[in-house]
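Welcome to this tour! Open your viewer, get your selection tool ready, and follow along one stop at a time.

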Amino acid sequence: MKLFVKDLTVADFSYLCPKRGMVGESWSVDVTLTGGLDEQNMVLDFSKVKKRIKQVIDELVDHRLLVPTSSASCRWQQKGQTVWVDFETEKGDIYLSCPAQAYALIPNERIDEAAVVEYLTAPLLEALPTNVLDLELSFRAEHLATPYYHYSHGLKRHDGNCQRIAHGHRSPVEVYLNKVRSEAMERYWANRWQDRYLGSEEDLVALESLTLSSQCEASVNSHYGFCYQAPQGCFQLAIPMAICDIIPTDTTVELLAQYMAQQTAELNHYKNVEVVAYEGIGKGAIAFCQIGET
Ligand SMILES: Nc1nc2c(c(=O)[nH]1)N=C([C@H](O)[C@H](O)COP(=O)(O)OP(=O)(O)OP(=O)(O)O)CN2
């Protein structure tokens, strides 16, 4: 007997890629279980399927930075609860030092759907009762008709896992200029925030003050340093300036929508701008800005 649940949850995370750098991603999760019937004549009560599978995905990949530790581009080490990662990419090298719980260290050459399925299948089966004999997991990027971007960020004030300095999302954006949809501006934001790290100005620090690998020392003119202390520990990141956008505020979706609305109004001299900014799938913020002359 097979039992399926579509759109069981969404995994929001970032991963390191030798070509793209740091990539924010949002995947919908579908699952199919194979097994015999239990005393309720069910493979497993849907509510338990949803709860247990979401719990494992939330624990192991959601809001983490997925690192392909078998990649030739990756060097990492752990001391106590801190993990250092150096990662070579075509966009420049990325250096991190974060609490271990901020990462998923995946022993694969690259991060893709198959690698994450393999990483999660055994712990998911362990979380299910013994009448469930097999599990097929699949991840789906949302089909989007509008432009979208992939960004990574960290919210140091968040009392949950969004405080992790490098987690991210794949998000569509809608922009209206004087109430008319502007695909040009949507494409502008999709290009600007394609595989970007959105750093808050207040988290910028001198690279020399970070306790990252010594390789990072040569990057003073090419990299931004970010550092903050949050309840889960100390988060440090050095990342090429070319793949960052510095935001004058925190990077909650409310403030990102507001930033985009304001910048869009300034760029277009439009009186009335509305931005619908998603954070991943199915949720986001709407901001309005009224300045300019047109
Ligand atoms: N009002 C806001 N709430 C939250 C924001 C925000 O910008 N504005 N941001 C976050 C985090 O960035 C987080 O990545 C959002 O992830 P989400 O998956 O929604 O959070 P949960 O894991 O709690 O939700 P699930 O449905 O369980 O996946 C958080 N909140």
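Start by selecting arginine 75 and aspartate 86: arginine 75 stands opposite aspartate 86, which belongs to S5. Keep in mind as you look around that this is a predicted model. Now widen the selection to S4 and strand S5, residues 82-87. Six bridges link S4 and S5, and the pairing is antiparallel.

In what order do its six strands lie? Reading across, you meet S4-S5-S6-S15-S14-S13, in an open sheet with antiparallel pairing. Color strand S4 (74-79) and strand S13 (204-205), which stand at the edges. Each of these edge strands has a single partner strand, so one side of each is left without a neighbour in the sheet. If you are wondering what holds strands side by side, sheet strands pair through backbone hydrogen bonds, in either a parallel or an antiparallel way.

Select them in the order S7-S3-S1-S2-S8, and note that the pairing is mixed. Which strands are at the edges? They are strand S7 (103-106) and strand S8 (132-141), and each pairs on one side only.

Zoom in on strand S1 (residues 2-17) and strand S3 (residues 65-68). These two run parallel and are joined by two bridges. Show the side chain of tyrosine 15, and opposite it you will find leucine 66 in S3.

H2, in turn, lies across S3, S7 and S8, and runs at about 145 degrees to S8.

Helix H1 (residues 46-60) and helix H2 (residues 113-126) pack at an angle of about 135 degrees, and their axes are 10 Å apart. That angle makes H1 oblique to H2. The crossing of H1 past H2 is right-handed. To see where they meet, select Ile53, Val56, Ile57 and Leu60 on H1, then Leu120, Pro123 and Leu124 on H2. What kinds of residues make this contact? Seven are nonpolar, with no polar and no charged residues.

Bring everything back and select the ligand. Around the ligand are 14 residues, of which Asp12, Leu155, Cys162, Thr252 and Val253 are the closest. Two elements give two or more residues to this shell: S1 and helix H4 (253-268). S1 provides the largest share, three residues. Color the shell by residue type and you will find four nonpolar, six polar and four charged residues.

For the last stop, select strand S17 (residues 273-278) and strand S18 (residues 284-289). They pair in the antiparallel sense over six bridges. Tyrosine 278 has glycine 284, in S18, as its bridge partner. Follow the chain through the hairpin, where five residues lie between S17 and S18.

Conventions
Residues are numbered from 1 along each chain as its sequence is written. This is a predicted model: local features need pLDDT of at least 70, side-chain atom pairs count only at pLDDT 80 or more; totals for chains, interfaces and linings use all residues. Axes are lines fitted to C-alpha atoms, for helices over the stretch in contact, and angles run from 0 to 180 degrees between N-to-C directions. Helices (H or I, at least four residues) and strands (E, at least two) are DSSP runs, numbered from the N terminus. Angles under 35 degrees count as roughly parallel, over 145 as roughly antiparallel, 65 to 115 as roughly perpendicular and the rest as oblique. A crossing is left-handed if the near helix is turned anticlockwise from the far one by less than a right angle, and right-handed if clockwise. Two residues are in contact if their C-beta atoms, placed from the backbone, lie within 7 Å. Ala, Val, Leu, Ile, Met, Phe, Trp, Tyr, Cys and Pro count as nonpolar, Asp, Glu, Lys and Arg as charged, and the others, Gly among them, as polar. Two strands pair if DSSP finds at least two bridges between them. A residue is near a molecule or strand if its C-beta atom, placed from the backbone, lies within 6 Å of it.
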